[in-house]
Amino acid sequence: MEQRAHKELQHKFEETHGWFVGRKQQAEERAEKLKSLQNELNTKAEQAASLEEKLKASEEEREKYKNYFANRKKQHEASQAQLTEAQQTLKEKDTIISQLSEQLTTLQQSNERVGRLESKLESLFGEQRSYIQQTTNALGQHVTRSARQQRDEHALTHYLQHGQRPVSTQLPPGYAVALLEHYDATQHDVVVVLGSANTTELLAQGLLNTRSHAPRLKSSQQESAENEVTLSHADLPQAIVSIEHQNAASEALKQRLHNKGTARAVNTVYAPWVECQANGQATLFYAVEPTLKRLNQWLSENARVLVIIGEDLPQAGHSREIALALLLQQLPTQRLDIVLEGNQYPQETSLKESWDKLLETRQRPGQWLTLPNAYSLRVEG
């Protein structure tokens, strides 16, 4: 009996143990499932948060586009209003153009009538101009003949009184007078003229009119200040040294000076244009270095030299800017008066600035003088 009861108890215990083992297994499975569901819930929550952020960003984007389209709508309405206004203005202008076209047609018809009248007046004016021209020509010829007669009478009187023909020059009168006054006031030891035959003839005549003897210059190679040398025509310097870049022009100048009796005051030199360097660029200038070197041998250190450069070079498209550097190189101790005839050439617009800079570099005092229609610079020794 007891054994039976023990077996039943044992059986119930095993059933109870099996039930507890099954319940434990179910509980573990449910815990695992709950953990899985919790993880899934967390994932869903994160997805929900992400979707919420995206939804918020979409709302902001939608609001932005809403404002953009609202502004575009306003702009469209404003453009539509402007278009309507422009169409109205265009319509008004079309009306004005139509009115002006009618007026133009009327004016053209009037102009045709005026044109016929102008044609008749032009014919009359043409006849009158022809008459005036004929009268003017006749008067001009009479005035020209009178002027030539007065000039010839003046030349004849001058020749009879002084035994010399008066100088005729193409130089501007104001410049010629100022140059003569400057020359007379300064009494230069020697004058160098480059490319200006008119100036040579003017100064030669002026020199002989004011000096009764040929000029004599002191030689820098002699010790005594009182010992003077009278120069022959074959030596340098004469009172005036005239340089031409064409041999034919030089010979023609010699002949004119001889005919006027002024040849003894001038030494004419043929020096063609050669290439020189100025501000790093090749330019043309007179091949005058040998002449200046010979001139420097005759002059005293403080001699005053007048250098006049004509307008041949700039008229041919070349600047005379290199002249100052060349003169300072070959006549380093002499006092220089430099005159450039004509001061309106575009290739020489920076000449004064360049020369001022050169004098500052060489530490040579310089002063710009006032001669009409010319650059004029004085450089002290």
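Predicted model: local features only at pLDDT ≥ 70, side-chain atom pairs only at ≥ 80, totals over all residues.
**Entry: overall make-up**

I went through the secondary structure and found eight helices and eleven strands. The protein has 381 residues, and 28% of them are buried. I then turned to contacts with a separation of 6 or more, and 74% of these join residues 24 or more positions apart.

**Entry: helix α4**

I picked out α4, which runs over residues 247-260 and has 14 residues. From its first C-alpha to its last I read 20 Å, close to the 20 Å expected at 1.5 Å a residue. Which residues of α4 are buried? I found S250, L253 and L257. Looking down the axis of α4, I saw its buried residues fall within an arc of 60 degrees, so they line one face of the helix. On the other side of α4 I noted A248, H258 and N259 as exposed.

**Entry: a nonpolar patch**

I searched the surface for nonpolar patches and wrote down one made by Y65, Y68 and F69. Its area is about 360 Å². I placed F69 in helix α1, which spans residues 2-162. Is F69 buried or exposed? F69 has 54% relative accessibility, so I count F69 as exposed, because the cut-off for that class is over 50%.

**Entry: positive phi away from glycine**

Most residues other than glycine have a negative phi, so I wanted to log the exceptions I came across. Where is Q363 found? I traced Q363 to the loop between α8 (351-362) and β10 (366-369). Q363 is not a glycine, yet its phi is positive, about 55 degrees. With 71% relative accessibility, Q363 counts as exposed.

My next stop was N373, in the loop between β10 and β11 (374-379). N373 is not a glycine either, and I read a positive phi of about 55 degrees for it. Its relative accessible area is 36%, so I put N373 down as partly exposed; exposed would need over 50%, and buried under 20%.

**Entry: to keep in mind**

For a quick return visit, I have marked the buried residues S250, L253 and L257 in α4, the patch of Y65, Y68 and F69, and the loop residues Q363 and N373.

Notes:
Residues numbered from 1 in each chain as written. Heavy atoms only, no water. Helix = DSSP H or I, 4+ residues; strand = E, 2+ residues; numbered from the N terminus. Buried < 20%, exposed > 50% of the residue type's maximum accessible area, 1.4 Å probe, protein only. Contact = heavy atoms within 4.5 Å. Expected span 1.5 Å × (residues − 1). Arc of directions from axis to C-beta. Patch = residues over 30% accessible without salt bridge, like charges linked within 9 Å, V, L, I, M, F, W, Y side chains within 5 Å. Areas by Shrake-Rupley, 256 points an atom, 1.4 Å probe, with all protein chains shown as cover. Salt bridge = Lys/Arg side-chain N within 4 Å of Asp/Glu carboxyl O.
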